[in-house]
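Biologist: I have not looked at this one before. Can you walk me through it?
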Amino acid sequence: MKDYYQGFLIRDWQESDRTSAAKLINTVLSEYALGWEPHGADQDVVEVETYYLATGGEFWVIEYQNNLVGTAAYYPIRRGKKAVEIRKMYLLPSVRGLGLGKYLLQQLERAIASRGFEQIWIETASFLTQAVQLYENNGYIPTTGVETQRCDRIYVKFIVPQSGSQRTYEQVTEYLTTEDTENTEK
């Protein structure tokens, strides 16, 4: 990935970004009184090669005037079929409200679809109101099954990689009902 948005450089993570990305994420978490968990929920930031690069995911950093101002990532998960989870989508307060979050989400979706994935999952916390609004305004459907302790919301979006069209609400509801039934029967 190498892309530009209003003077921001969006690029692939490099090993030299490890400390800066971790500090940025810790800063944003602190803003919401959430703790940095390098041996828990944030271990993937410390081990990007293992969690993202080796599994077919991607981890991007966002720079403005040679300073790291954001991160965005995804990796394949076993929840669902051909599924990924968007993770570590964090922006410093100084660059929020500029459309960058929406642009990042769209670019992540394009990258995910181009790799043949069909489901995108996102976990977040209710009090991250800007994130909740972003996901809900962009077609993410609330569902159940939160796995990350500091999160209390989970969303899913179904995409069809070949044509790029979205599934209807009825198709998603039918799929989720079928999944619940299959899981109950096991």
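Modeller: This is a predicted model. Its chain has six helices and eight strands.

Biologist: In what pattern do they follow along the sequence?
Modeller: The pattern reads β-β-α-α-α-β-β-β-α-β-α-β-β-α.

Biologist: Let's take β6. Why is it largely enclosed by the rest of the structure?
Modeller: Strand β6 covers residues 119-124, and six of its six residues are buried, so the rest of the structure largely encloses it. Here buried means under 20% relative accessible area.

Biologist: Which residues are on each side of β6?
Modeller: Q119, W121 and E123 lie on one side, with I120, I122 and T124 on the other. Every one of these is buried, which leaves both faces covered.

Biologist: How many bridges join β5 to β6?
Modeller: Four, and the two strands run parallel. β5 spans residues 83-91. Its V84 stands opposite I120 in β6.

Biologist: And β8, parallel or antiparallel to β6?
Modeller: Antiparallel, over six bridges, with β8 at residues 153-158. In that pairing, I120 stands opposite K157 of β8.

Biologist: What do β5, α4 and β6 make?
Modeller: They make a right-handed β-α-β unit, in which helix α4 takes up residues 100-114.

Biologist: Now the chain as a whole. How much of it is buried?
Modeller: Of its 186 residues, 49% are buried. The accessible surface comes to about 9,900 Å², and carbon and sulfur atoms account for 48% of that.

Biologist: What about contacts between residues 24 or more positions apart?
Modeller: They make up 59% of the contacts in the chain with a separation of 6 or more.

Definitions and conventions. Residues numbered from 1 in each chain as written. Predicted model: local features only at pLDDT ≥ 70, side-chain atom pairs only at ≥ 80, totals over all residues. Heavy atoms only, no water. Buried < 20%, exposed > 50% of the residue type's maximum accessible area, 1.4 Å probe, protein only. Pairing = 2+ DSSP bridges. Right-handed = clockwise from strand over helix to strand, strands pointing away. Contact = heavy atoms within 4.5 Å. Areas by Shrake-Rupley, 256 points an atom, 1.4 Å probe, with all protein chains shown as cover.
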